[in-house]
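Here is a short note for a first look at this model. Keep the structure open while you read, and find each element as it comes up.

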Amino acid sequence: MKFLAIDIGASGGKAFTGEIKGGKLAFNEIRRFPNGFIEDGGRRRWDIQRIFDEVIACIGMVPNADSIGINTWGVDYGWIKPDGSLADLPFAYRDSRTAKSISAVHEKIQFDKLYSITGIQHLPFNTLYQIADDLETNPDLVKSSEKLLMMPELIGFMLTGKMVSEYTNASTSGMMDAINREWSDEILNAIGLPDEKLAEIEMPGEIKVPLRREIAEKTGSKASFVFTACHDTASAVAGIGASGSDWAFLSSGTWSLIGREIEKPILTDEARDANFTNEGGVGGKTRFLKNVTGLWIVQELQRIWKEDGYDRSIEAICMDAAKAVAFHSYINPDDPMFIAPDDMTIAVADFRTRTKQPIPEGMGGVARCVFESLALAYRRVFSKLEDITESRIHRLHVVGGGSLNALLCQMTADACNVPLVAGPANATAVGNIIVQAVCQGILKDINEGRKLVADSFETVEYLPSADERWIEAAGKFESFFNGVSQVHSSLNHTGPI
């Protein structure tokens with residue numbers, strides 16, 4: 001059986017085929033395409049038709065695929081009219097529209113109560129706050145629409161006509177009860193959203209349906225479409241070739257997500273105050289994790305440098321950073337100023353000026369500052385993760401594009417003082433395929449899938465160097481940034497995202 005996995009991120013998409021042969025997964029990339037929000041009347045939105053056209057092109061490249069699955073980022077969504085058409089372009093999570101709706105929601109239902117139901121960390125762009133803005137600023141849109149579908153399920157509907165809310169993705173919305181895994185009536189009633197506007201929540205890999213006839217004819221595909229683990233991090237964790245339970249994961253890309261799989265959500269005051277989140281996982285698990293602003297900062301630096309005439313590859317940037325002075329200065333990656341600045345180089349410089357730190361020299365010095373700061377941010381979350389789950393972590397599995405960054409991987413192993421296993425880089429697509437294979441009856445369960453991953457992909461191990469300078473650096477990091485407003489912890493944040 002041939003599987004097609006389409007992994008769509010905020011900055012680009014990739015398509016892969018997979019076939020299980022001789023006890024291994026034969027895995028091949030077939031297409032890449034760009035993505036990014038567009039400016040529409042001063043608002044940031046997703047060009048869903050262009051994304052859909054890219055998906056169609058991917059399917060058309062593999063007309064002999066037997067099974068197709070799509071995953072994307074969470075939170076964002078589109079409204080579907082009764083005739084099946086899209087009511088409007090979906091907003092992008094980096095739009096600032098929730099600035100007023102956050103406080104309005106918390107007046108109706110306090111965040112402490114929200115967390116006790118959903119276990120979801122406060123993020124200003126959570127679906128809950130976006131919908132509250134729709135209800136306030138465009139109630140006719142909500143009233144005239146039949147259903148709200150989050151991004152991967154929206155694309156799935158456009159391909160199949162089936163309306164589904166997939167568990168791992170629904171869990172990111174801030175509206176799902178983490179215990180019973182259903183939409184929370186209490187939350188929906190608080191914001192005034194009728195429950196019939198939401199599709200029924202289904203577990204990953206439980207629903208497979210044929211493509212619409214016109215899609216099948218256009219692409220030549222006879223594949224069935226599987227609502228896999230639609231949230232990209234859920235797929236990425238499913239694609240880790242790990243065993244046992246003493247490991248944590250770091251999904252390293254535009255965002256960094258650090259956490260571990262647990263049997264039941266942790267809804268304690270300690271977890272809430274540390275702003276950890278409980279998201280749906282494959283196999284009935286919960287992904288207990290925290291978001292850290294990730295390689296977005298480096299990507300934006302790279303973009304600005306290119307505009308200034310310095311077109312540097314990430315490999316060249318890392319080489320320059322490796323030669324720069326170590327432990328020179330730091331930034332707080334989660335400061336709101338790094339979410340969507342016009343010029344990331346200015347934002348980084350302004351932060352160091354604000355905190356009275358020396359300015360590193362050249363692009364290499366700036367990049368090293370960012371990489372070390374990311375590693376120290378990971379250390380902070382890693383330590384808290386052990387505390388809250390009350391168990392030691394003996395391995396950190398890093399997946400995503402960041403797993404290919406040897407400099408950052410070694411820094412992270414050193415900062416966290418734990419062996420780090422890097423790879424597979426495309427774990428999201430791998431996990432997408434694993435869930436499809438379980439759905440299609442080719443694999444028994446996620447555990448068999450993870451063993452297949454371990455047998456199929458090479459990984460790189462980074463051992464901690466026991467360099468005590470990281471301990472000193474961690475102390476400075478905390479002294480600089482304790483109390484600094486953070487986008488992931490400030491419950492009253494109302495700035496742009």
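1. Start with Thr 389, which lies in helix H15. Helices (H or I, at least four residues) and strands (E, at least two) are DSSP runs, numbered from the N terminus. This is a predicted model: local features need pLDDT of at least 70, side-chain atom pairs count only at pLDDT 80 or more, and totals for chains, interfaces and linings use all residues. Residues are numbered from 1 along each chain as its sequence is written, and side-chain values use heavy atoms, with hydrogens and water left out.

2. Is Thr 389 buried or exposed? Thr 389 has a relative accessible area of 16%, so it counts as buried. Buried means under 20% relative accessible area, exposed over 50%, and partly exposed in between (1.4 Å probe, protein chains only). Its side chain makes a polar contact of 3.1 Å with the side chain of Arg 260. A polar contact is a pair of N or O atoms within 3.5 Å; within protein, one must be able to donate a hydrogen and the other to accept it, and residues adjacent in sequence count only if both atoms are side-chain atoms. Leaving aside neighbours within four places in sequence, Thr 389 is in contact with Arg 260, Ile 266 and Phe 288. Contact means heavy atoms within 4.5 Å.

3. Now look at Thr 355, in the loop between helix H14 (344-354) and H15. Thr 355 is buried too, because its relative accessible area is 14%. The side chains of Thr 355 and Gln 357 are joined by a polar contact of 2.8 Å.

4. Next, the cores. A nonpolar core is a set of buried Ala, Val, Leu, Ile, Met, Phe, Trp, Tyr and Cys residues joined through side-chain atoms within 4.5 Å. The largest has 87 residues, and Met 175, Leu 193, Phe 288, Ile 297 and Phe 371 touch the most other members. Helix H15 (residues 362-389) gives this core its largest share, 14 residues. A second, separate core has 53 residues, including Val 62 and Cys 230.

5. Turn to the open sheet of seven strands. The order is E15-E16-E14-E13-E17-E18-E19, with mixed pairing. Two strands pair if DSSP finds at least two bridges between them. Strand E15 (277-280) and strand E19 (460-462) are the edges; each has a single partner strand, so one side of each has no neighbour in the sheet. Direction ignored, neighbouring strands are turned by 30° against each other on average. H15 packs on this sheet, touching E13, strand E14 (255-262) and strand E16 (286-293). The direction of H15 makes about 155° with that of E16. For such angles, axes are lines fitted to C-alpha atoms, for helices over the stretch in contact, and angles run from 0 to 180 degrees between N-to-C directions.

6. Look closely at E13. How many of its residues are buried? Six of six are. Trp 247, Phe 249 and Ser 251 are buried on one side, and Ala 248, Leu 250 and Ser 252 on the other. Strand E13 (residues 247-252) runs parallel to strand E17 (residues 395-399), over five bridges. Leu 250 stands opposite Val 398 in E17, and Ser 251 has Val 399 as its bridge partner. With E14 the pairing is antiparallel, over four bridges. Phe 249 has Gly 259 of E14 as its bridge partner. A hairpin of two residues joins E13 to E14.

7. There is also an open sheet of six strands, in the order E3-E2-E1-E6-E12-E11, with mixed pairing. Its edge strands are strand E3 (24-34) and strand E11 (208-210), and each pairs on one side only. The twist averages 25° from one strand to the next. Strand E1 (residues 3-8) and strand E6 (residues 67-71) run parallel, joined by five bridges. Asp 7 stands opposite Asn 71 in E6.

8. Last, a helix pair. H1 and H6 pack at about 60°, with their axes 11 Å apart. Among the residues in the contact are Ile 48 and Phe 52 of H1, and Met 151 and Leu 154 of H6.
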